[in-house]
Amino acid sequence: MSETIYDVIIIGGGPAGLTAGLYTSRAKLKTLLLERMIMGGQVMTTTKVENYPGFPGGIDGPELMMKFQEHCQEFGLEVVTGEAEGLVDNGDYKSLTVDGKEIKTRSVIITTGAEPSKLGIDGEASLVGRGVSYCATCDGAFFRDVEVAIIGGGDTAAEEALFLTRFASKVYLIHRRDELRATKILQDRIASNEKIEVLWDTVVEKANGDNSGLTSVTLKNLKSGESSELPLAGMFIAIGVTPKAHFLAEILELDADGYILTDAECRTSMPGVFAAGDVRKKILKQIATAVGDGAVAAIMAEKYLDGFVE
Ligand code: NAP
């Protein structure tokens, strides 16, 4: 029996990966999509997506991702669970190590996305799952009628703060500056929500807990230099994301923050290897741009396989 050599292996099943998979399987390229855990990527932890065109009134993240998957199934995209480790360029083909096994392919599209960044403070790691969380959508409902905080000033922190008001008695939004990075529409919603209090110019220095879990956080006001303790049952950390490209650090060119460097056509430093979505260095990380990237990477992979581009 001849050994399978795929035309395209896509690593990661979020919006970029699923879009690339839709395009390559529709183009009848022999495609395998590898997903380490749950299909759908970060969108799976989003309650309502309001800025993806075609869904007036918004759509729940998991529902949108289910539609992406159903659409790929129409064209027979092969999906397997597995974690890619190595990537070697053998000239005619590339090999990936997946759960200890070698898989061969003529091209690769990396769509591994990003994961929530950590604060790196004392008590954070030991209290994860016991009051400290990186996903309000996933864990918010456990915090009914108690006081919680969300850390960060971006769109994620703002959206999650609003979501948490459904359950918590009070939500502190703790931000290190005196201005939110979140879009104006979210800033307005934060300002007009009576359950939310913003603590400006403030950082969390320590998460304090006992056997039952998180009990308080130690805060520092960066303007006054004053420290204080805030009793809390939950702390949600939403300070941005870290790209999931560590396994490629010695193989592809990454920037100082670990994002894969590509040209405008999603080509990485290795011929035949493309990167799309949040793992790629780019200006805007949205579902719409991930989808755009996925389509570009797929078309470029097709051109590469046909010998039209290097
Ligand atoms: P982000 O935009 O990078 O914001 C991260 C926030 O965390 C910033 O306010 C930053 O403060 C703060 N921060 C970073 N490191 C910190 C630290 N060590 N300690 C305390 N605070 C820290 O990340 P994001 O909100 O996750 O958004 C990521 C991308 O997804 C963005 O492009 C965003 O627009 C997009 N997104 C879009 C939507 C939507 O369109 N509905 C929803 C969610 C996310 P500074 O402001 O001081 O830097």
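Trainee: Is Asp263 buried, partly exposed or exposed?

Mentor: Relative accessible area decides this: under 20% is buried, over 50% exposed, and partly exposed lies in between (1.4 Å probe, protein chains only). Asp263 is partly exposed at 28%, and Arg267 is partly exposed at 25%. The model is a predicted one, in which local features need pLDDT of at least 70, side-chain atom pairs count only at pLDDT 80 or more, and totals for chains, interfaces and linings use all residues. Residues are numbered from 1 along each chain as its sequence is written, and side-chain values use heavy atoms, with hydrogens and water left out.

Trainee: Which residue forms a salt bridge with Asp263?

Mentor: A salt bridge requires a side-chain nitrogen of Lys or Arg within 4 Å of a carboxyl oxygen of Asp or Glu. Asp263 forms one with Arg267, the closest N and O atoms being 2.9 Å apart.

Trainee: How many salt bridges does a search of the whole structure find?

Mentor: The search finds 15. One of them joins the side chains of Glu3 and Lys104, at 2.9 Å from N to O. This pair links distant parts of the chain, 101 residues apart: Glu3 is in the segment before strand E1 (5–11), and Lys104 is in strand E8 (residues 101–110). Strands here are DSSP runs of at least two residues (E), and helices are runs of at least four (H or I), numbered from the N terminus. Glu3 is exposed, with a relative accessible area of 52%, whereas Lys104 is buried at 14%.

Trainee: Which residues are linked in a network of salt bridges?

Mentor: Asp178, Asp201 and Lys223 are linked in this way. Between Asp178 and Lys223 the closest N and O atoms are 3.4 Å apart. Lys223 counts as exposed, at 60% relative accessibility.

Trainee: How is the protein chain divided into domains?

Mentor: Domain bounds come from an automatic or database domain assignment. Domain 1 comprises 5–115 + 241–305, and domain 2 comprises 118–237. Their centres, taken over C-alpha atoms, are separated by 32 Å.

Trainee: What area is buried between domain 1 and domain 2?

Mentor: Buried area is the accessible area (1.4 Å probe) that two parts lose on being put together, summed over both. Here the area is about 450 Å², of which carbon and sulfur atoms give 50%. In domain 1, Thr45, Thr47 and Glu50 lose the most area to domain 2, together 77% of what that side buries.

Trainee: How many salt bridges does the rule find across this interface?

Mentor: The rule finds one across the interface of domain 1 and domain 2. Glu50 also forms a salt bridge with Arg189, the closest N and O atoms being 3.5 Å apart.
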